[in-house]
Amino acid sequence: MIEDPGNSTMVDKRQLFVEMRKCNLELDSIRLSTYRTACKLRFIQKRCNLHLVDIWNIIEAFRENGLNTMELNTEPTVSRLETILSTIFHQLNKRMPTTHQVDVEQSVLLLLNFLLAAYDPEGLGNISVFVMKMALATICGGKILDKLRYIFSQIADPTGLMIYSQFDQFLKEVLKLPATVFEGPSFGYTEQTARTCFAQQKQVYLNVFLDVLMSDPPPQCLVWLTLLHRLANVENVFHPVECSWCHSQSMMGFRYRCQQCHNYQLCQDCFWKGHASGSHSNQHQMKEYTSWKSPAKKLSNALSKSLSCASSHEPLHHMFPDVPEKPLNLAHVVFLNLPLVQQARMSGDLSLCLDTNKQHRQLIAELENRNKEILKEIQRLRQQHDEACQPPNDKVHQNPTLLAELRHLRQRKEELEQRMSALQGSRRELMVQLEQLMLLLKGPGPSPNSYPSNSVSSSTPLPVQSTAGNTTASKMPQDSLMDLGGDVQKAFTQSSRRNLRNDLLVAADSITNTMSLLVRELQTVICRERTYNDGVCEHF
């Protein structure tokens, strides 16, 4: 516990800035105020170990200490703020491995004194709940989208509409952070600051709020906030390129390329300090890179973009409903026969579970929206394919001659297919009759001439008559004579059966020849139909 907030604040604040100047390569020498402010706040963030804590951990600590039930204008004591910070870092150590534990006491002391220097320079010992939430939500780690969504929830009414006076209060408090690191002249608060951010919008909902603050470039008063998150994302990015001024063989962090000088590139330190050599000037336009891509990968990406049919204009963030989700009211829940510590722990676990479920619902909603987009794209591609394969209806009627000829060919094709199917059935029946006669000739029973005609099954559609007598064979279940060729030849060697054999063979040859002619004619019709189809497509 800090007994004398005023004196301790000044001592630790001075120590923090001395370390910032020594350990972070003289940040005051950075010529651009935006980069200078972002680097200083990034140093504060890392020195206090706040870069390891995201907005969800901050919200958890707020709920565990009952801050979510307090009015925003309530002013807790400094000891209450210290308790909240202790909860944040104790929970952080529970998530971290034992080899990467943070010094909770030192982290709490440094962060507490920094916040007091920013929001209680007179040492009155009172900071409002709104200030605590906005300050910690701004300088903590994590994704900027999540942080801005939480900030909007604190400055909007229950219908999801932003309150301009609350947004103005947010800017007034958050711009004290740059002023604390001596960047107030560049990013100071004025009464017109809030209106310049949303000059064109009368009603600001969540999506509009995110669009404006995450745009490129963002509002001038908060440009350092987006740069702070970009700076955190590129700290460990490696560029295998030589700096044109310091001739370092590799770059870490940002990389800058001149848009006028050929292949002139600077590392972030040289660019921030304004170094230039040769024909290059600081007045030249420089492009900032946050990643490295090989020339081959650049070429493949360019080809992919040029050949892609899908639109590349995607929203900067997921679109959220204008009406906010109503949180579950747990005010009526009472834990019976439990100590106070266990009740608090159960409340914190339940709140964390609700946050996790909310994240899951949001993820499911995003996946469902993405699935709908994919299905729409598939339907569009199918429609394009169908339109490419078939000529339009309004153009088909322009050439009735081709259509009539094509319709005639298709009708002829159907007739030939039906006739061929009938001949194939006749051929199968004829082969069955041959097999039946073969069995009769081989058996010891009566000869085929004396076989009664009324014993033939009436289901046979095509009986075959011979000169030796009226003999009709019924249809057998087998349709093949693959294994009976030798027996047929042996049976038909007798002179008394020669006429019957000749008639059957002549009938089989006739059917075979007719089928061959039908096959050739069908092939001709199919070829002509394809030719006409191609002619129709080329004509259109």
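Reader: In which helix does Q424 lie?

Author: This is a predicted model, in which local features need pLDDT of at least 70, side-chain atom pairs count only at pLDDT 80 or more, and totals for chains, interfaces and linings use all residues. Residues are numbered from 1 along each chain as its sequence is written, and side-chain values use heavy atoms, with hydrogens and water left out. Helices (DSSP runs of H or I, at least four residues) and strands (runs of E, at least two) are numbered from the N terminus. Residues 400-442 form the helix that holds Q424, namely α17.

Reader: Is Q424 buried, partly exposed or exposed?

Author: Buried means under 20% relative accessible area, exposed means over 50%, and partly exposed lies in between (1.4 Å probe, protein chains only). Because its relative accessible area is 33%, Q424 is partly exposed.

Reader: What distance separates the C-alpha atoms of Q424 and T512?

Author: Along the chain, Q424 and T512 are 88 residues apart.

Reader: Is H229 buried or exposed?

Author: H229 is found in helix α12, which covers residues 223-233. Contact means heavy atoms within 4.5 Å; leaving aside neighbours within four places in sequence, H229 is in contact with G142, K143, I144 and K147. Because its relative accessibility is 10%, H229 counts as buried.

Reader: At roughly what angle do the axes of α6 and α8 cross?

Author: Two packed helices are described by the angle between their axes and the distance between the axes. Axes are lines fitted to C-alpha atoms, for helices over the stretch in contact, and angles run from 0 to 180 degrees between N-to-C directions. The axes of α6 (residues 129-139) and α8 (residues 164-174) come within 10 Å, and their crossing angle is roughly 65 degrees.

Reader: Which residues of α6 and α8 make the contact?

Author: On the α8 side, the contact is made by Q166, Q169, F170, E173 and V174. On the α6 side, the residues are F130, V131, M134 and T138.

Reader: Is I374 buried, partly exposed or exposed?

Author: I374 has its place in helix α15, residues 340-389. Because its relative accessibility is 40%, I374 counts as partly exposed.

Reader: How many helices and strands are there in the protein chain?

Author: The protein chain has 540 residues, of which buried residues make up 37%. Its count of elements is 19 helices and 5 strands.
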